[in-house]
Amino acid sequence: MRVSSEGQNIARQKKSLKEEGCTDFFIEKISGASMDRPELQRMLEELEEGDIFIIHEISRLSRSTKDLLTIVEMIQRKGAGLRSITDKWLDLSDDNPMSELLFTIFSGLAQFERKMIKQRQKEGIEIVKSEGKFKGRKTKLVEGGKEEQRMKAIIEAYKQGKSINDIRTTFKVGTGTIYRLLERGGIK
């Protein structure tokens, strides 16, 4: 099971996998854009010949065509199969050439969908920016007390010529937070 962020819920996936008789679960709350995922790697390591790896839907495995094909190859090399609950056509638990063809096509569509989501997001941000309504993500640092002192110290460090990376490390804040503070202070 995979969702992209901590705020998302795996309940729907877990319910469908339990209904399929699954008892061992690999759960991730991380983007599917990369193969650098601890639970995915653990699953691939623990997979044994004859196992069937069941996913709720293809997009939960990966959003990259290349990565999907690599993952499937790794699963098959171990003598295991792959099956999707939602995508009934995806059953690589036997030697089905039609299922492999459809898998290749739909993995491309999953990657395309991800790129379209990013494109729509970018276009939406550009529109609200042009209307002067886009402020970006709010910084975690707020005015008042110790947080305001940290904000001022970050701005002062930048004015003194410290690099963004040094500031990020020293104050343990993200790069985006630093740039938002500098923009708010009229410096950048």
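Predicted model: local features only at pLDDT ≥ 70, side-chain atom pairs only at ≥ 80, totals over all residues.
Biologist: How is the packing of two helices described?

Modeller: Two packed helices are described by the angle between their axes and by the distance between those axes. In this model, the axes of helix 2 and helix 3 come within 9 Å and cross at roughly 25°. Angles under 35 degrees count as roughly parallel, and helix 2 and helix 3 are therefore roughly parallel to each other.

Biologist: Which residues of helix 2 and helix 3 make the contact?

Modeller: Helix 2 contributes Leu40, Met43 and Leu44, and helix 3 contributes Ile71, Met74 and Ile75. The residues of this contact comprise six nonpolar, no polar and no charged.

Biologist: At what angle do helix 3 and helix 4 pack?

Modeller: Helix 3 (residues 65-77) and helix 4 (residues 97-130) pack at about 145°, and their axes are 8 Å apart. On the helix 3 side, the residues are Thr65, Lys66, Leu68, Leu69, Val72 and Gln76; they meet Glu100, Phe103, Thr104, Ser107, Gly108 and Gln111 of helix 4. Here the division is four nonpolar, six polar and two charged.

Biologist: Which residues touch the most other members of the largest nonpolar core?

Modeller: In soluble globular proteins, nonpolar side chains tend to be buried together. The largest nonpolar core here has 19 residues, of which Met43, Phe53, Leu61, Ile75 and Leu82 touch the most other members. Helix 2 (38-46), strand 3 (52-55) and helix 3 each give two or more residues to this core, and helix 3 gives the most, with four. Apart from this core lies another, of eleven residues, among them Met151, Ile154, Val173 and Ile178.

Biologist: What does Leu82 contact beyond its neighbours within four places in sequence?

Modeller: Its contacts include Phe53, Leu61, Val72, Ile75 and Asp91.

Terms used:
Residues numbered from 1 in each chain as written. Heavy atoms only, no water. Axes fitted to C-alpha atoms, helices over the stretch in contact; angles between N-to-C directions. Contact = heavy atoms within 4.5 Å. Nonpolar A, V, L, I, M, F, W, Y, C, P; charged D, E, K, R; others polar. Core = buried A, V, L, I, M, F, W, Y, C linked by side-chain atoms within 4.5 Å. Buried < 20%, exposed > 50% of the residue type's maximum accessible area, 1.4 Å probe, protein only. Parallel < 35°, antiparallel > 145°, perpendicular 65-115°, else oblique.
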